Amino acid sequence: MDNIVQGFTQFREQVFPSQRSVYQRLVHDGQKPKALVISCADSRVVPELITQAGPGELFVTRNVGNIVPPFATMMGGVTAAVEYAVMALNVRDIVVCGHSDCGAMKGLLTPGLAEKMPSVAAWLRHGEAARKIVCDAYPDDIDDKRRLHALAMENVLAQLNHLRTHPAVASALASGQLTLHGWLFEIETGHLLVYDGEAGRFVVLAEEDELPVAEASAAPRLAAAGVGTPAARAAE
């Protein structure tokens with residue numbers, strides 16, 4: 001706690017004075033974040049640091065395993081954050097960000113690790129689809145480190161699938177107002193692996209690259225466009 005207090009004192013005396021106008025503007029004008037980032041609560045993964053984002057630029061929610069429960073199964077903090085970000089803040093991008101050496105993923109691979117933490121064990125069931133894919137569809141002879149890495153990636157994709165079940169997200173995607181991103185931060189290398197939805201794989205993001213996306217914002221569409229309208233009936 002001494003380090004935390006010392007850090008705040010340094011912020012208040014050395015950082016805040018030069019940023020005072022920024023914070024005053026954010027209070028006066030309100031926040032207008034560029035994206036919602038759903039990341040792991042792991043202390044080694046700090047979305048604002050990784051992206052070098054300043055105050056007011058990111059709306060962030062963090063939890064064990066960067067989990068997004070399907071909409072129908074749980075009304076909680078993640079659901080509220082997603083709904084608020086899309087409907088109140090009008091974010092145009094949502095990022096699910098996993099990371100290497102994730103303790104939650106270790107718990108998924110070895111369920112006994114969380115047997116004395118029933119809340120954690122129940123929470124990690126939202127990653128069961130990712131665990132099943134890695135256990136059944138990946139080669140049996142991959143080493144533990146690669147298996148854990150693969151699970152972290154598959155978990156990002158599983159949580160993106162869950163994210164699509166949220167009504168606010170489904171509506172924004174259908175109306176062409178939202179783009180989804182899947183990221184994996186490699187703690188040991190500093191690399192950011194980004195899921196390319198068109199290629200169907202994670203790629204290392206380079207400075208000169210255009211940012212791949214998991215699901216791009218499409219042109220507004222309606223599956224039943226024209227069906228049942230007077231014009232459609234007249235054409236029949």
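Partly exposed describes a relative accessible area between the buried limit of under 20% and the exposed limit of over 50%. Arginine 164, at 28% relative accessibility, therefore counts as partly exposed in this predicted model.

**View 1. Salt bridge between glutamate 215 and arginine 164.** The closest N and O atoms of this pair are 2.5 Å apart. Glutamate 215 belongs to the loop between strand S6 (201-204) and helix H9 (230-235), and arginine 164 to the loop between helix H7 (144-163) and helix H8 (167-174), so the contact ties together parts that are 51 residues apart in sequence. Glutamate 215 is partly exposed, because its relative accessibility is 27%.

**View 2. Salt bridge between arginine 131 and glutamate 128 within helix H6.** The closest N and O atoms lie 2.7 Å apart. Both residues are in helix H6 (residues 128-137); they are separated by about one helical turn because they are three residues apart. Arginine 131 has a relative accessible area of 22% and is partly exposed. Glutamate 128 is also partly exposed, at 34% relative accessibility.

**View 3. Salt-bridge network of Asp42, Arg44, Asp101 and Lys106.** Aspartate 101 is partly exposed, with a relative accessibility of 35%. Lysine 106 has a relative accessible area of 34% and is likewise partly exposed.

**View 4. Salt bridges in the whole structure.** A search of the whole structure identifies six salt bridges. Among them is the pair formed by glutamate 215 and arginine 164.

Definitions and conventions. Residues numbered from 1 in each chain as written. Predicted model: local features only at pLDDT ≥ 70, side-chain atom pairs only at ≥ 80, totals over all residues. Heavy atoms only, no water. Salt bridge = Lys/Arg side-chain N within 4 Å of Asp/Glu carboxyl O. Buried < 20%, exposed > 50% of the residue type's maximum accessible area, 1.4 Å probe, protein only. Helix = DSSP H or I, 4+ residues; strand = E, 2+ residues; numbered from the N terminus.
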